Amino acid sequence: MILKLLESPRIYSLWQAPFVSQKLVPFFKRRPTGFAQHETVVELGCGPGTNASALGTHSYEGWDLSPAYILAAQVRHPHLKFGVADVTTDAWVVGDGPRSAVFMNSLLHHLDDSQVDQVMDRAERVLISGGEIHVMDLVLPESAGLSRLLALSDRGQYPRSLSHWSRLLSRRFETLDFEPYFLGGFGLRLWSMVYWRGVKRG
C-alpha cells in the first residue's frame with residue numbers, strides 16, 4: 001500500500017522532503033554551488049524534479065520512467081527540459097549533443113546489474129572527455145540492523161554492498177570519490193548510502 005502511494009508525485013515529494021538535503025551533502029562538499037551555469041547536465045531518474053533547482057545549472061535535462069513524475073517536474077520547473085524515458089535505452093541519448101555531467105540520485109538500486117551497465121554505457125557515450133558522473137544510492141549493510149531492514153524494505157529491489165557498488169560503478173569510469181554516509185532522523189541512522197563520483201576515461 002505504501003509503495004503504491006509513493007507513485008504519486010505529491011506523496012513522494014512529501015516523503016523525500018526531510019532527506020533531500022541530506023542526500024546531496026557529499027555532492028555539495030565537492031560542488032559547493034552545484035554545477036556551473038555553462039555545464040550541460042542530464043539527471044536520470046529525476047522523479048518530480050526534486051533536485052533540478054539545487055544542481056545550479058540552466059543547461060539541465062531530466063528523464064524519468066514515470067509520466068506522472070515528469071508532468072509534476074514540468075509544472076514545477078517550466079523553464080527546464082524533462083522527458084519520459086526508460087534510461088536503460090537510447091531514448092534520452094540522441095539529439096542534444098555531448099553532456100558535461102550525468103547525475104543519478106537513488107536510481108540505480110531499482111535496476112539489476114545488467115541494466116546498470118546499460119545506463120553506464122550510455123552515460124559514457126554522451127559525456128565529453130573528462131565529463132563526470134555523480135551517483136548517490138542505497139547501500140545494503142552487511143550487518144543486521146535498522147539500516148539493513150530499511151534497505152530490504154525499499155521499493156528498489158537491488159540495494160548493494162559497498163564493495164558491490166565499487167566494482168559495478170568503476171567498470172567504465174575512473175573513480176574520483178567513494179564516500180559512504182547515512183541519512184538520519186530522530187537521532188537514528190536510517191538509510192545507509194554511498195556517494196560515488198567518476199570521470200570518463202580518455
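Modeller: Happy to! The chain holds seven helices and seven strands, and please keep in mind that this is a predicted model. Following the sequence, the elements come in the order α-α-α-β-β-α-β-β-α-β-α-α-β-β. The radius of gyration is 16 Å, close to the 17 Å that the globule rule gives for 202 residues, so the chain is as compact as a globular protein of that length. Its C-alpha trace spans about 45 × 40 × 30 Å along the principal axes.

Of the 202 residues, 50% count as buried. Among contacts with a separation of 6 or more, 62% are between residues 24 or more positions apart. The accessible surface comes to about 9,600 Å², and carbon and sulfur atoms contribute 58% of that. As for charge, there are 21 positive and 20 negative ones, and their mean positions lie 3 Å apart.

Now to the strand itself. S2 covers residues 60–64, and five of its five residues are buried. Which way do the residues of S2 point? Tyr60, Gly62 and Asp64 point one way, while Glu61 and Trp63 point the other way, and all are buried. For burial, the cut-off is a relative accessible area under 20%. Two of these buried residues, Asp64 and Glu61, are of the kinds counted as negative in the charge tally.

S2 has a strand partner in S1 and another in S3. Strand S1 (residues 41–44) is joined to S2 by four bridges, and the two run parallel. Within that pairing, valine 42 has glutamate 61 of S2 as its bridge partner. Strand S3 (residues 81–84) is likewise joined to S2 by four bridges, again in parallel. Here the bridge partner of glycine 62 is phenylalanine 82 in S3.

Aspartate 96 is found in the loop between S3 and strand S4 (99–105). Aspartate 96 counts as partly exposed because its relative accessibility is 37%, between the 20% and 50% cut-offs. Its C-alpha atom is 30 Å from that of serine 166, which is 70 residues away along the chain.

Glutamine 37, in the loop between helix H3 (20–30) and S1, touches Gly56, Thr57, His58 and Ser59, not counting residues up to four places away in sequence. With a relative accessibility of 41%, glutamine 37 also counts as partly exposed. Between glutamine 37 and leucine 169 there are 132 residues of sequence separation and 27 Å from C-alpha to C-alpha.

Serine 147 counts as buried because its relative accessible area is 10%, under the 20% cut-off. Beyond its neighbours within four places in sequence, serine 147 is in contact with Pro141, Phe182, Arg189, Leu190, Trp191 and Ser192.

Notes: Residues numbered from 1 in each chain as written. Predicted model: local features only at pLDDT ≥ 70, side-chain atom pairs only at ≥ 80, totals over all residues. Heavy atoms only, no water. Rg over C-alpha atoms; globule rule 2.2 N^0.38 Å. Buried < 20%, exposed > 50% of the residue type's maximum accessible area, 1.4 Å probe, protein only. Contact = heavy atoms within 4.5 Å. Areas by Shrake-Rupley, 256 points an atom, 1.4 Å probe, with all protein chains shown as cover. Charge placed at Lys NZ, Arg CZ, Asp CG, Glu CD. Pairing = 2+ DSSP bridges.
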